[in-house]
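Visitor: I would like to be walked through this model at the level of strands, cores and cavities. Could you take my questions one by one?

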Amino acid sequence: MPSPSPPQSDHLIFFVNGKKVVERHADPEMTLLFYLRKVLCLTGTKYGCGTGSCGACTVMISKYNPDTKKIRHYSATACLVPLCSLYGAAVTTVEGIGSIKTRIHPVQERLAKCHGTQCGFCSPGMVMSIYTLLRNYPEPTTEQLMETLSGNLCRCTGYRPIVESGKTFCEESTVCQLQGTGKCCMDQEENQFYLEKKEKMCTKLYDESEFRPFDPSQEPIFPPELIRMAEDPHKKTLIFCGEKILWMSPTNMNEVLELRMKYPTAPLVMGNTTIGLNAVLKGEFHPMIISPVGLTELNFVDFTDDGMTIGAGCTLAEIKDILTSTVSEEPKEKTKTYRALLKHLRTLAGQQIRNMATLGGHVASKHDYSDINPILAAGKATLNLISKAEGKRQILVEELFTTSLKEELRDGEVIYSVVIPQLSRWEIITAQRQAQHLENAFAIVNAGMRVQFREGTNTIKDLKMFFGRVGPTTVSASKTCEQLIGRQWNDEMLSEACRLVLDEIRIPPTAVGGMVEYKRTLIISFIFKFYLKVLRELHKLDPRRYPEIPENSISALEEFPIRAPQGIQMFQCVDPHQPPQDPVGHPIMHQSGLKHATGEAVYNVDLPRVDEELLLAVVTSSRAHAKILSIDVSEALEFPGVVDVITAKDVPGENNIDGEIIYAENEVICVGQIVCAVAADTYSHAKQAAEKVKVIYEDVEPQIITIEDAIKYNSFFFKEKKIEKGNIDRAFYYVDEIIEGEIHVEGQEHFYMETQSVLVYPTGEDEEMVIHTGTQYPTHVQDLVAAVLGVPRNRIMCHMKRAGGAFGGKVTKPAVLGAVAAVAAHKTGHPIRFHLERGDDMLITAGRHPLLTKYKIGFMKNGLIKAVDLQYYTNAGCTPDESERVIEYIVLKSETAYDIPNYRCRGRACKTNLPSNTAFRGFGFPQGALAVENYITAVAFKCGLPPEKVRDMNMSKTVNRTAYKELYNPEPLLKCWKECLEKSSFQSRKAAIEEFNKKNYWKKKGISIIPMKYSIAVPNGYETQAASLVHIYQDGSVLVAHGGCELGQGLYTKMIQVASRELKIPSSYIYLSETSTTTVPNASYTAASMGTDINGRAVQVRFLSILRSSSLS
């Protein structure tokens, strides 16, 4: 029999920026982000992570509720919003609220003028989050502003100026009363330091009087057509049929149940925060999806005398608003569980995810990281379930997680609602979590705990403890709780509870995420805090019978508040005699600031499609060290849309350039090494075809992963780097004390907001190749591509306009990726676009070098250090990359600010089977300096001295030579040290902290001041040269080109300032377009804090020569 034909797709109708969109062939696999960028060509909405975590793709979605007659505006991450879920919705992107071509919105203007952008890649998302907040709350509070930005990540600007721009819309005053004095407004002690200074310091970075007024009444209206659609009484089930997925959106609960019975394995998708995430991270695929989005039967809240019933379709953000309102109106005794839930709802994920994720989906998914499920389980919450076959039934949430009661949702069953009961007077519930960040971070461990006492006593009647992130799902300590029933709430019970819980909840050493011992410690910590909280509540219930907890333990129960970042930027005021048209020294807005905020700044990933371009997806090694026995590409070549598969055999020139391997040949030397690449008409086809490539390996030993492995197998790059002065061995004989130790510093991911991307296209003549990439080093891209193709460098034209963050990660890596794409372009004859997804980017490009430091320190009892012997080892990875320079920097800068008479430092770069680590902010100095300050602190501890005193006495005091023989004058360092001590009120603040610590046993404060000597630029003089090219046109306009790359640091802006000063013309006459190897050849990289200095000088010299020439003529 012939297979049944797929059902006909309905038309998907929604609005984008006020314009109606009718998509006749909506694909259920497509996200809103892809549709905006690739179909509608609205590239202001950025791809940052693809998992809803960074907020770069934030848009505003507006929907009309026909029951309440209200319009709901909410922010959402477009990378997780299924296109098919938008029927009847209005989408607003950053392009829809303002443009430099027409009129910019006040949010966009203020973000730019408050210096809230650097690279600008995250700026459209920031704008849309703040804009959505203002649509709901025209005069928000600072707390609302902080909450709305909790799901937006910025990697370069810092949050203070971003938050400051948002504060200009807030109802309360945002100006520090002591602004301009340099004194922290939190300090109690008077500090006249700034007032006594002779030179005038400026703090005003922008003029609020220049801001456009914000008028909420001028915002676009919700499309009336969508209101009519929402109120249409004859709605029907919507069907969208894609290439591989069938999407069905039922209009009532009965249809949902029928579909669930017919397709029991089909997931229910509303927010798509689980299914969408798993599709990206785990490759999960569902051929059928049921989406009851907007179903009124699932979106309701009912209040009773005993508690609250919440519809499973309510979002976490809606629940937070409901609970906040309820808590403010109801007595505290009736809202115990609500308060516990609110504590976690404020920090669970980011605002966008809370706007999308639903309560029912969150419970049903049974995430191990759920912050909500442990509280619902502990709080006796009940699930109302319904199915077509069995009707309605109820189960306790705890039954999903308690081994002895284990319950599961049955086939065809749907969570209809969640009942949260009120607790009795003698019941106490707490919620706890510990994460690496207060907001938008998975908990390391979380917990929900409840105890019920017999009336009027401290005897346990019922006890529940649930923990997250310690097992595959939420884990119940049911056996422990059973054994503690009937016990009194005292120290003996606490000790027994801790012992029993650790016996019951065993975390295997191989647990996902590791940190096993720390997690066990957190479990005990949570139980102890629960114990103290209950003691305090018992005291409130019966003060005469149960005493208050000791005063020095109260701090254990205090939460860390989420505060808006505060600070003042001070800079030397411009000389009043400086000509008004000279912009140097003024806080000029970033040249592209407004374009960042409007989404009109074009990044490499935003370049429009080129005719006949192909998309590239790579096959990477799954082995750390292995021989490649065979590569079978036959199945991939047969996949629809595939044009070719590129391997090492297709490289026309060199495949190994100074140790950097373009395509793996014969063997792989790390997981993530590029083996081959698939070129196809779409990225989806290329990616799917890449999964069809079959690579057979044979493992090779040894597989060297850690620094310790490399030391064991003597696996190193380069010769040992070494500096030495004095007589180390002799000095150790004459010191009072010697300490030895080691410190490990792990690696770090760059996480630049714009992932690596390259567009390569052959011109079709004379072997020319044009490359567009976001790089810090266009010359290196040109060099490597020329070597790989076997052509002269003058045939390779590399263009770079701006990068969405770099931090060192785009110095060498774009050259390798550019070479991979160039070989594909050479073989196919097509333009090639190669854009890494976030996961591939993190896998292939690696990051900061892990460091192992071994030290031996000789010192006197007064803290004076006489001898230091340091041994540094970095984990370089599998190829040289920048590792030789990194270890050189670590060794050369290892003295930091200290003058040690007898000093030796050695460094080795370890060759391992990991992706090759590369340049990163600080270039090894942060890791190395951390080790130095670690041994300084160890010496201070051994001598019983304050660390700052040991730092001070060992600091360079006189003109001397460093261990690498350079003459060094420490006068600026000493002046800086003194000023920092005075400006920070260090001694008085330290005294206050010591007093606080005496009074608080569990919570401690600390303060530290550390001197630092950090040289900018690089040791090789020829690499600190720069050049510029200037065109002056007949209309008086000036075009400037130089070798520096705009990474967000405002390099182009500073070059305009220099040019304006030298030519004595307005900045508006000067323009910089891009950095290109066709205008300024052989340029150095933009890194090491030297970009402005060398390129600014080059621009200045060029203009001076032009002026001299014109005066001579």
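Visitor: In which sense do strand 3 and strand 4 pair?

Guide: This is a predicted model, in which local features need pLDDT of at least 70 and side-chain atom pairs count only at pLDDT 80 or more, while totals for chains, interfaces and linings use all residues. Residues are numbered from 1 along each chain as its sequence is written, and side-chain values use heavy atoms, with hydrogens and water left out. Strands (E, at least two residues) and helices (H or I, at least four) are DSSP runs numbered from the N terminus, and two strands pair if DSSP finds at least two bridges between them. Strand 3 (residues 58-65) is joined to strand 4 by eight bridges, and the sense is antiparallel.

Visitor: How many residues does the largest nonpolar core have?

Guide: A nonpolar core is a set of buried Ala, Val, Leu, Ile, Met, Phe, Trp, Tyr and Cys residues joined through side-chain atoms within 4.5 Å, where buried means under 20% relative accessible area, exposed over 50% and partly exposed in between (1.4 Å probe, protein chains only). Among the residues with the most contacts inside the largest core are Phe14, Ile61 and Leu86, and leucine 86 is in contact with residues including Leu12, Phe14, Ile61 and Val91, its neighbours within four places in sequence left aside. The number of residues in this largest core is 73.

Visitor: Which helix packs on strand 10 and strand 11?

Guide: These strands belong to an open sheet of five, in the order 10-11-14-12-13, with antiparallel pairing. Strand 10 is joined to strand 11 (residues 307-311) by four bridges, and phenylalanine 303 has methionine 308 in strand 11 as its bridge partner. The element that touches both strands, its direction making about 160° with that of strand 11, is helix 10 (residues 316-329).

Visitor: Is isoleucine 646 buried or exposed?

Guide: Isoleucine 646 lies in strand 22 (residues 642-646) and touches residues including Leu616, Tyr663, Val823 and Lys827, not counting those up to four places away in sequence. Because its relative accessible area is 0%, isoleucine 646 counts as buried.

Visitor: Which helix gives the most residues to the lining of the largest cavity?

Guide: On a 1 Å grid over the protein atoms alone, a cavity is a set of points where a 1.4 Å probe fits but cannot get out, and lining residues have an atom within 4 Å of a point. The largest cavity is lined by 18 residues, with Ile661, Gln673, Lys813, Val816 and Ile844 nearest its centre. Strand 24 (660-661) and helix 24 (813-828) each supply at least two residues of this lining, and the most, four residues, come from helix 24.

Key: Contact = heavy atoms within 4.5 Å. Axes fitted to C-alpha atoms, helices over the stretch in contact; angles between N-to-C directions. 1 Å grid on protein atoms, 1.4 Å probe; cavity = no way out; pocket = protein on both sides within 12 Å on 5 of 7 lines; lining within 4 Å.
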